[in-house]
Amino acid sequence: MAYVIDRDNLARLTAEVAGPVLVPGDEGYSAETATWNTALAQRPVVAVGATSAADVQAAVCFADANGLPVAAVATGHGAVVPADGAVMINLRRISGVSVDAGSRTATIGAAVTAQRLIEAAAEAGLAPLAGSSPNVGMVGYVLGGGLSPTLGRTYGYAADHVHTAEIVSSDGSLRRIDTDHEPDLFWAIRGGMGNFGVVTSLTIGLVPVTSLYGGGLYFAGEHVKEVIDAYCRLVAAAPEELTVSFAFLRLPSVPSVPEPLRDRFTVHVRIAYLGPAADGQRLVADLRAAAPALIDTVAEMPYTGIAAIHADPVAPAPTYEMSALLRDFPAEAAEALIAVAGPGADTPATIEIRQLGGALGREPRVPNAVGNRDAAFQLSAAAFGAPGMAHEFRAPLAALADAMAPWATGGKQANFLTGYDTTVEAVARAYDPDTYHRLVQAKRAFDPGNMFRVNHNISPGR
């Protein structure tokens, strides 16, 4: 049965909020509720376009008074659970950035994208621990851990560098938290995602990086074994300043795809090295010699250009994903992956093996809830289709997980939980048991009614 909003309550909310307040049928409702992953159609009972923390507070109080859950979205990349029957708070208008070069920090609003922060920090000769996608919202990325494929092995997770947070909790109060103010909540949000409130602002640490040696090497599929053998040799002795991943690509024949990569199986090796370019050249020489490259973009580059390393898609699309953490990636694992997803296989997915380790494997100076730091590699895969195809893609994505199962840790990274990982058991795999237990306790303390459940939910239980 459809939930009917009392018109007087809705009028009061509209009067309190500076941004738009929309219900189904209103002009602009579809645009306000659209997310990056178009596999899901979102039908909240009310959509609130928040322009400030005060707007968020008003929306949360409205949800509380009406017994409704809250779904918070910014760029919409992490939306994997339908917001039907919820109050959706769209944070995209809260996008301020302030960089303090002296303290090497940036204070960012809830919807600041990675590329915007990268460019703002670069003006001060600094860099955030950003991910591979330029248009992902930094706050959501950080709350889920923040795995940087350029800086992570050197500096750890982005969540390890949070100084303070501003969060609207389930009672509508605005809290400013850090290690000295509500430390249990501060611990929980750094890795516990959006389960404890709506984070409207973060102050995060930046690092003194302005350039790196990086880019992509693309190889024809017939050379996959030689390339992956060279990859394995490289990562076995890689310094912490080097991160190397590879992806199996099956790209369509469209103008946005470089001609040598169209309508064929290719191997894309992604490289990021923080040392001198001459040292980087020596490190990747064996990879370059493994096979003729279709495209070679590896060179010294400004940090502001890191989006080109992975070349992730930026346009919204219906996406279906899976991931798994691996304790190792030996030759036997490479053979198994090639058998199930290589040039002779019939799979719809783009598959990546990403190197972890280094600082990602160490506990941070200020503890947080980011789990599964013992993994050495991560497998992730994405299939692109049409809305409503989750069932069709489940089997081919599960086949990848099954092939890698002998080397899997059983855990996952919180940011890489997908639409197939929404059960209590699946979410718990993003944490070690003690951490998950502590997160549940924090949930009981700060969101006992589970208002913030339109997500990869940590339930307060009963």
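**Talking through the model, one residue at a time**

Colleague: Let's start with G342; in which loop does it lie?

Modeller: The elements here are DSSP runs, numbered from the N terminus, with helices being H or I over at least four residues and strands being E over at least two. On that basis, G342 sits in the loop between α11 and β16.

Colleague: Before we go on, what kind of model is this?

Modeller: Residues are numbered from 1 along each chain as its sequence is written. Side-chain values use heavy atoms, with hydrogens and water left out, local features need pLDDT of at least 70, side-chain atom pairs count only at pLDDT 80 or more, and totals for chains, interfaces and linings use all residues. As for the kind of model, it's predicted.

Colleague: Back to G342, then: is it buried or exposed?

Modeller: We call a residue buried under 20% relative accessible area, exposed over 50%, and partly exposed in between, using a 1.4 Å probe and protein chains only. The relative accessibility of G342 is 0%, so G342 counts as buried.

Colleague: A63 next; which residues is it in contact with, leaving aside the neighbours within four places?

Modeller: A63 belongs to helix α3, residues 53-66, and counts as buried because its relative accessibility is 0%. M88, 25 residues away in sequence, has its C-alpha 9.5 Å from that of A63. With neighbours within four places set aside, A63 contacts L68, P69, V70, V87 and M451.

Colleague: What covers the buried residues of α12?

Modeller: Helix α12 has 15 residues, 390-404, and reaches 21 Å from first C-alpha to last, close to the 21 Å expected; that expected span is 1.5 Å times one less than the number of residues. Residues three or four places apart point the same way, because an α-helix has 3.6 residues a turn. The buried residues in α12 include F393, L397, L400, A403 and M404. Their cover includes β15 (319-326), α11 (331-341), β16 (349-355) and β17 (377-384).

Colleague: Now the arginines: which residues does R288 touch, not counting those up to four places away?

Modeller: R288 is part of helix α9, residues 277-290, and is partly exposed because its relative accessibility is 30%. I271 is 17 residues away along the chain, and its C-alpha is 12 Å from that of R288. The residues that R288 touches, beyond four places in sequence, are Y213, L217, D296 and V298.

Colleague: And R233, how far in space is it from L287, C-alpha to C-alpha?

Modeller: R233 is in helix α8, residues 224-236, and counts as partly exposed because its relative accessibility is 49%. In sequence, R233 and L287 are 54 residues apart, while their C-alpha atoms are separated by 9.0 Å.

Colleague: What's the phi of M193?

Modeller: Most residues other than glycine have a negative phi. M193 sits in the loop between α7 (183-192) and β9 (198-205), and counts as buried because its relative accessibility is 12%. Its phi is positive, though M193 is not a glycine, at near 65 degrees.

Colleague: Zooming out, what radius of gyration does the protein have?

Modeller: The protein has 14 helices and 17 strands, and its C-alpha trace spans about 70 × 50 × 45 Å along the principal axes. The radius is taken over C-alpha atoms, and the globule rule is 2.2 Å times the number of residues to the power 0.38. For 462 residues a compact globule would come out near 23 Å, which agrees with the protein's 22 Å.

Colleague: Last one: what share of the residues counts as buried?

Modeller: Among contacts between residues at least 6 apart in sequence, 73% join residues at least 24 apart. Of the 462 residues, the buried share is 55%.

Terms used. Contact = heavy atoms within 4.5 Å.
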